[in-house]
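Dear colleague,

My notes on some of its charged pairs, and on one pair of helices, follow below it.

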Amino acid sequence: MYFSPLLANESKKDFSLIISGGISLGAYEAGYNWGLIKYLNQQKKKPNRASIQLHSIAGASAGAINTMMSAIAWCRNPNASQNDNLIENNLFYNMWTAVDFEDLFIDKAFGVLDKHNKTSLFSRQKLETLSLEMFNSLEQPYYDPECRVPFGFAVTRVQPKISKIQNIEISNKLFHIPLVFSVNAEGKAKILDNYSLTRDNIINLSHDGFPSYERIKKALFASSAFPIAFEQVELEYFHHKQFEKALFQDGGVFDNVPLDFAIRLSKGKAKNYIFMDPKHLRRTLVAKEYKKQEQQVSPLNSAINLIADIFSASESSILYNTLAKEFKDSEKKIQISSRYFPITGKFLEHFGAFLDEGFRTYDYYVGVYDAIVESTKYQCPNNNDTTCVQNTRIQSYELLSKGSDKAKYILNLLHAEEFGFPLDKQSYPIQKDLLAIFEAIKTLHYQDMEEFYTLIKRLNKFKYQAKSPFLKHTLKHPKAWYRQPLSSVMHRIVSLEKKNSQNLTKTLSSMTAYGAGTFYRTKSGYTYNPVSAPLDYDKLWVKYFPYEVAFSKNIMALGYEHYYYFNEDKFLMPKAIELKPSGSFQLSNREGKSDFLRLDLNLNYELFEDTLSLGFGPSLYQDLSSSANFKRQLGMNAYLDFLNVFRLTYAKRGQGKEDYLYVGINDIPSFLYWIGD
């Protein structure tokens with residue numbers, strides 16, 4: 001059973017909160033945390049209720065952002081203005097529903113430049129702008145006087161800190177940043193340094209206990225700086241009262257569940273620990289059967305898997321040691337949050353919710369729903385007390401859904417699916433997009449690539465209206481969904497290598513981008529010279545270079561390409577029509593031979609998608625020399641393309657024996673772009 005009462009039997013209800021990371025899973029966490037905090041915050045103000053004390057909050061990665069917002073939300077006075085703490089207007093919702101892939105990719109196509117970022121794929125500019133609402137909220141008169149919540153983040157030092165203990169050098173990368181959200185007697189809120197923790201891996205952001213908002217913001221984004229995706233953050237801090245400066249990144253690398261840190265922040269006062277884990281289910285799934293048996297993988301994949309296993313083992317070891325030390329034969333209890341429905345944030349290695357605002361909004365509502373369902377853990381001593389369970393859920397639902405028919409619709413839909421009946425009997429306007437996501441995802445529990453394709457097909461079936469250009473492209477071209485993100489990633493990687501690397505590495509990265517262009521170039525509608533390079537406005541001249549350079553016996557040919565792509569899914573049908581004007585030029589004078597033009601009209605078939613294609617069709621030849629024996633003739637051509645880089649063409653002219661075999665290189669404009677500066 002999912003039900004395990006944590007606080008229901010306690011006369012004094014004290015707890016600490018631990019929030020794990022998970023990239024776009026943060027949208028689900030945001031809904032759960034907002035719902036849980038608002039519900040318990042309301043309960044602590046009711047007369048004749050046991051005292052409810054939140055002793056600490058600790059988080060890492062995306063959980064660090066939700067940690068700080070949870071501390072702010074806990075100290076908010078429930079009687080303060082509620083207009084900016086409703087289900088669709090609060091810090092959590094505003095922070096997590098507004099960020100799309102287009103806001104993250106550093107790509108001129110999306111208007112995201114981030115000129116100072118020299119090390120990562122994504123920009124956090126939008127996140128930093130949204131975070132201002134958190135800091136601005138500290139100036140508002142919303143808070144309970146004398147409220148105090150210790151909180152903090154885990155961070156990972158890029159270069160290890162070397163310490164000597166009895167002449168033994170020890171290197172450490174994992175550090176914790178303890179803070180306190182504190183409200184004075186007049187209701188004025190401040191974030192202070194927490195000097196009460198003195199372990200060797202504790203760092204403070206100030207020497208006087210009053211860190212600037214800028215340093216706190218940097219610490220927040222250092223904890224959520226997922227490696228490679230987001231830029232490392234340089235922090236200025238104090239370690240053993242000594243000023244230091246170093247680069248930090250995602251705290252979830254080594255301590256994604258900072259339980260030990262939460263215990264230390266609470267100074268042992270908390271007996272109950274709530275672990276917010278978006279991956280934990282309150283339903284049993286049957287293991288998925290795979291047709292293929294486990295096979296050996298390549299050396300590269302083995303190395304990648306080994307690195308991932310090392311980080312996972314390190315994280316598990318820290319958590320295991322904490323559980324064994326603090327919870328075995330102890331009065332302390334730990335409660336893991338639970339989820340019933342699939343969420344979009346689980347797709348694409350936890351980046352899935354960034355595909356569309358509707359995805360993040362849906363995940364957020366699922367988080368709020370789970371907070372409603374689990375509110376019974378804090379009020380009902382017995383799961384069999386159906387009256388208490390139902391009344392508590394209804395009270396929580398009425399509190400959290402206030403003012404939003406949209407929220408009431410989706411929350412009732414979810415409750416009816418899990419328990420067979422809605423939370424209230426009223427009818428609410430159908431939310432077509434939320435319903436489409438619900439119907440598309442509700443049976444997709446494993447959320448691998450196979451189920452991602454199923455999700456896209458179902459969203460099309462239910463006519464989901466995507467807001468994000470990325471998802472619009474994905475819905476229109478399900479089999480080629482990866483082209484836009486892969487294009488942005490590849491362009492960004494090469495741009496970084498050109499800025500930061502030596503000549504050989506620059507050349508290798510440029511050639512890799514050029515060779516891999518077939519996997520992310522545009523293949524829809526009409527395209528002239530379908531280049532893979534990101535042709536910025538100052539580089540458009542590159543596109544006027546010939547698309548192909550080819551050689552035959554004593555001949556060099558230059559060609560331009562016009563494609564019209566009209567088929568993506570129909571097997572054995574042509575994918576595109578190709579119109580290709582080219583000129584063939586004699587490399588040395590030969591009697592009776594002339595330079596000539598050739599115009600091909602071909603059907604293009606992809607034998608192996610993005611790898612090997614075949615084309616053939618009629619050709620029209622026109623000599624350029626007036627003394628040539630032939631002025632104009634019909635003919636044919638056929639070709640094989642490999643990676644859309646190498647082309648082998650057979651061309652036959654007229655009815656005689658005049659034929660040509662060309663070996664060519666495609667996408668010359670991109671080649672010039674990538675190797676140039």
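E418 is buried, with a relative accessible area of 15%, where buried means under 20%, exposed over 50% and partly exposed in between, for a 1.4 Å probe and protein chains only. Please keep in mind that this is a predicted model, in which local features need pLDDT of at least 70 and side-chain atom pairs count only at pLDDT 80 or more, while totals for chains, interfaces and linings use all residues. Residues are numbered from 1 along each chain as its sequence is written, and side-chain values use heavy atoms, with hydrogens and water left out.

The partner of E418 in a salt bridge (a side-chain nitrogen of Lys or Arg within 4 Å of a carboxyl oxygen of Asp or Glu) is R282, at 3.0 Å from N to O. Because E418 lies in helix 13 and R282 in the loop between strand 8 and helix 9, the pair ties together parts that are 136 residues apart in sequence. R282 also counts as buried, at 12% relative accessibility.

Another salt bridge joins K161 and E244, at 2.5 Å from N to O, and both of these residues are buried. By contrast, E139, which forms a salt bridge with K188, is partly exposed at 44% relative accessible area, and K188 is partly exposed at 37%. By the rule above, the count comes to 22 salt bridges.

Best wishes

Methods: Helix = DSSP H or I, 4+ residues; strand = E, 2+ residues; numbered from the N terminus.
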